[in-house]
Amino acid sequence: MTEPVFSRIAIVGVGLIGSSIDRAAREYGAAGEIVLYDASPDVRARAEALQLGEMAPSLEAAVAGADCVVLCVPVGALGAAAAGAVPAMKDGAILTDVGSVKGEAARALAAAADGRIHVIPGHPIAGTEQSGPEAGFATLFQGAWHILTPVEGAVPGAAEALEQLTAFWRALGAKVETMDAARHDRVLAITSHLPHLIAFNIVATAFDMETVEQGEVVKYSAGGFRDFTRIAASDPVMWRDVFLNNRDAVLECLGRFSEDLAALQRAIRWGDGDMLMREFTRARTIRKAIIDAGQDSGAVNFGRNVPSAEE
Ligand code: NAP
């Protein structure tokens with residue numbers, strides 16, 4: 001247990017990420033009082049049944065008096081949530097978010113800001129393919145990166161606010177880094193957004209293939225395909241908003257990806273085994289670098305009990 005970083009925080013949007021922040025903040029004592037709000041009455045009822053933090057009757061009631069307001073809603077809903085929250089926030093409070101696209105988050109939060117509060121967009125590089133308040137867990141952020149993309153602001157105390165928010169995420173177990181929003185969006189386009197697009201696409205292609213019975217795709221699904229189906233099971237609203245709001249960076253990556261895919265296609269057509277060996281060997285070194293950096297488990301099949309190799 002640490003000393004609470006904030007006396008009171010408000011979490012708006014009680015899904016996977018919002019409920020994980022709530023659970024982690026209570027578990028590690030990062031906030032004295034935690035007030036929740038979700039636009040969905042169904043989610044509010046489920047969060048109450050799960051005995052998460054105190055549920056407020058309205059957005060305004062949730063954020064009033066909070067030292068820090070964390071918006072945990074889909075990227076496309078950030079503007080409306082910020083516009084509703086800011087007028088009810090106290091002077092000098094921090095407005096942050098967890099949205100996966102930081103350029104749009106910064107724009108949406110800054111558009112709502114009124115010069116009284118600190119705007120510090122953020123993104124935890126942690127998550128699962130599940131959503132809703134039941135899906136959250138306290139250890140989600142342990143050892144994960146949390147990227148903050150602070151914007152230049154004239155509000156006095158901006159440096160202290162950044163320090164406090166950094167301390168809060170560290171208390172939840174995250175490693176905190178600050179970064180320019182545009183750079184964040186370019187990096188995440190290749191490390192997260194494009195892999196999801198490929199997963200959505202390969203699963204759609206497999207199910208559309210006329211020559212393969214759907215039952216057989218499921219029955220004989222090999223490890224490679226199953227791993228894609230896990231990623232492709234992610235929340236459609238969240239991912240629609242990611243692609244609509246990180247369009248340029250994703251299209252740039254997709255262009256390069258399509259060129260490289262065409263080169264592999266050509267190597268297969270021409271029987272160029274040397275080229276295939278070269279590319280596949282290079283790919284292995286990236287996997288090793290990720291494991292060496294502590295970003296993933298080196299255990300066979302991620303340590304899962306289900307057989308995976310191309311059986
Ligand atoms: P989620 O489980 O679907 O939760 C989002 C919640 O926000 C839902 O309960 C939703 O209600 C509610 N909501 C939508 N609009 C709202 C509004 N205007 N005011 C209040 N509540 C509202 O989604 P999540 O996975 O936690 O994702 C939340 C954010 O975290 C997204 O911006 C996403 O990009 C980011 N993120 C996600 C992951 C991940 O792995 N999932 C990782 C890092 C960052 P309804 O369902 O009724 O709309």
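Just after helix α2, Gln-51 takes a positive phi of about 55°. That goes for Gln-51 although it is not a glycine. Most residues other than glycine have a negative phi. Gln-51 sits in the loop between α2 and β3, and it is exposed, with a relative accessible area of 63%. Here "exposed" stands for over 50% relative accessible area, "buried" for under 20%, and "partly exposed" for what lies in between, using a 1.4 Å probe and protein chains only.

A quick word on the background: this is a predicted model, where local features need pLDDT of at least 70 and side-chain atom pairs count only at pLDDT 80 or more, while totals for chains, interfaces and linings use all residues. Residues are numbered from 1 along each chain as its sequence is written, and side-chain values use heavy atoms, with hydrogens and water left out. Helices (H or I, at least four residues) and strands (E, at least two) are DSSP runs, numbered from the N terminus.

Back to α2 itself. An α-helix has 3.6 residues a turn, so residues three or four places apart point the same way.

Now step into the loop between β2 and α2, where you'll find Asp-38. Asp-38 is buried yet has no salt bridge, meaning a side-chain nitrogen of Lys or Arg within 4 Å of a carboxyl oxygen of Asp or Glu. The nearest side chain of opposite charge, Arg-44, is 6.1 Å away; in this count Lys and Arg are positive, Asp and Glu negative, and His and the chain ends are not counted. What Asp-38 does have is a polar side-chain atom 2.7 Å from the backbone nitrogen of Val-14. Leaving aside neighbours within four places in sequence, Asp-38 is in contact (heavy atoms within 4.5 Å) with Gly-13, Val-14, Gly-15, Val-43, Arg-44 and Met-55.

Ala-56 is buried, with a relative accessible area of 4%. With neighbours within four places set aside, the contacts of Ala-56 are Val-35, Leu-36, Tyr-37, Arg-44, Ala-61 and Ala-62.

On to the aromatic rings: a search of the whole structure finds four aromatic pairs. Rings of Phe, Tyr and Trp (its six-membered ring) pair if their centres lie within 6.5 Å; planes under 30 degrees apart count as stacked, over 60 as edge-to-face and the rest as tilted. Two of the pairs are set out here.

| Pair | Type | Centre to centre | Between planes |
|---|---|---|---|
| Phe-141 and Trp-169 | edge-to-face | 5.1 Å | 90° |
| Trp-239 and Phe-243 | tilted | 5.9 Å | 40° |

Phe-141, in the loop between β7 (122–124) and β8 (145–148), and Trp-169, in helix α6 (residues 158–171), are 28 residues apart, and their pair links distant parts of the chain. Both Phe-141 and Trp-169 are buried. Ring pairs link Phe-6, Phe-141, Phe-168 and Trp-169 into a cluster. As for Trp-239 and Phe-243, they are four residues apart in helix α10 (residues 236–245), so about one helical turn separates them. Trp-239 and Phe-243 are both buried too.

Notes: Polar contact = N/O pair within 3.5 Å; in protein donor to acceptor, adjacent residues only side chain to side chain.
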